[in-house]
Amino acid sequence: MTAPSPRRLIIAIDGPAGAGKSTIASRLARKLGYVNLESGAMYRALALKAIEWDVSFDDEAALLKLAQSSRIHIEPSLVGNRVLLDGREVTARVRETDVTQGASRVSVHPKVREWMVARQRELGLNGGVVMEGRDIGTKVFPDADVKIFLDADPMIREQRRLQQERLQGTATEATAAELRERDRRDRTRAASPLQPATDAVILDSTGLSEDDVLNRVEKVVRQKLDGHL
């Protein structure tokens with residue numbers, strides 16, 4: 001008689017830009033053998049299509065129509081997620097500054113978010129996923145098995161984002177201002193504002209290394225798998 005396979009969890013990691021969500025979610029997913037679903041990449045893909053089709057970031061109806069006619073796929077790989085838009089790989093393009101800014105703007109629209117949330121739920125329905133974003137634990141998967149809200153001091157987050165952009169060769173002097181504006185939009189938008197779920201484990205990564213954060217998150221997950229959370 002074979003032993004039952006361990007239950008595959010839905011893990012939600014939320015938090016503001018620069019808190020380290022993407023890195024932690026990716027590493028955690030690899031350690032667990034789970035899929036890392038990056039919700040932000042889906043908004044980035046839509047923003048890119050809006051740029052290419054000359055659709056205003058402020059036109060909710062047009063953006064929703066554009067989303068409904070799009071095929072957005074996130075494919076895990078050994079080196080991170082690949083982003084496919086209508087069958088075309090756009091992984092590097094969606095990380096560029098104009099798309100990043102556009103993603104923050106298209107994400108404020110309630111009808112666009114509703115469409116995205118439905119797609120994200122489909123992707124994670126069977127568990128075995130680590131999904132990161134800004135409203136995963138509050139909106140996409142309010143019944144997620146594990147909810148982490150990862151935060152850090154704004155100055156530290158700005159430094160991390162600038163360092164990340166330098167590594168990618170895309171650093172700009174406006175990085176700090178852009179991050180603050182993105183924070184403002186995320187926290188004040190009418191649809192699913194950025195805030196911790198009431199049952200989330202809040203983790204401040206300001207004085208922690210990447211490995212420290214990963215170890216703490218993994219401990220929470222292991223407690224859940226062992227039935228102690």
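**Exercise 1. Determine how helices H3 and H5 are oriented towards each other in this predicted model, and which residues carry their contact.**

Step 1. The axes of helix H3 (residues 60-68) and helix H5 (residues 110-124) come within 8 Å and cross at roughly 20 degrees, where helices (H or I, at least four residues) and strands (E, at least two) are DSSP runs numbered from the N terminus, and where axes are lines fitted to C-alpha atoms, for helices over the stretch in contact, with angles running from 0 to 180 degrees between N-to-C directions.

Step 2. Angles under 35 degrees count as roughly parallel, over 145 as roughly antiparallel, 65 to 115 as roughly perpendicular and the rest as oblique; H3 and H5 are therefore roughly parallel to each other.

Step 3. On the H3 side, Glu-60, Leu-63, Leu-64, Ala-67 and Gln-68 meet Pro-110, Lys-111, Val-112 and Trp-115 of H5, contact meaning heavy atoms within 4.5 Å. The residues of this contact divide into 6 nonpolar, 1 polar and 2 charged, with Ala, Val, Leu, Ile, Met, Phe, Trp, Tyr, Cys and Pro counted as nonpolar, Asp, Glu, Lys and Arg as charged, and the others, Gly among them, as polar.

The model is a predicted one, in which local features need pLDDT of at least 70 and side-chain atom pairs count only at pLDDT 80 or more, while totals for chains, interfaces and linings use all residues. Residues are numbered from 1 along each chain as its sequence is written, and side-chain values use heavy atoms, with hydrogens and water left out.

**Exercise 2. Work out the strand order of the open sheet of 5 strands and identify the strands at its edges.**

Step 1. The order is S2-S6-S1-S7-S8, and the pairing is parallel; two strands pair if DSSP finds at least two bridges between them. Strand S2 (35-38) and strand S8 (201-204) stand at the edges, each with a single partner strand, so one side of each is left without a neighbour in the sheet. Averaged over the sheet, neighbouring strands are turned by 20 degrees against each other, direction ignored.

Step 2. For one of the pairs, strand S1 (residues 10-14) runs parallel to strand S6 (residues 129-133) over 5 bridges, and Val-130 in S6 is the bridge partner of Ile-11.

Step 3. Helix H9 (residues 210-225) packs on the sheet, where H9 touches S1, strand S7 (146-151) and S8, and its direction makes about 165 degrees with that of S7. Helix H2 (residues 39-52) lies across S2 and S6, running at about 45 degrees to S2.

**Exercise 3. Trace the pairing of strands S3, S4 and S5.**

Step 1. Strand S3 (residues 72-75) and strand S4 (residues 82-85) are antiparallel and share 4 bridges, with Glu-75 standing opposite Arg-82.

Step 2. S4 is joined to strand S5 (residues 88-89) by 2 bridges, again antiparallel, and Leu-84 has Glu-89 as its bridge partner. S4 and S5 form a hairpin with 2 residues between them, and Asp-86 in the turn has a positive phi of about 55 degrees.
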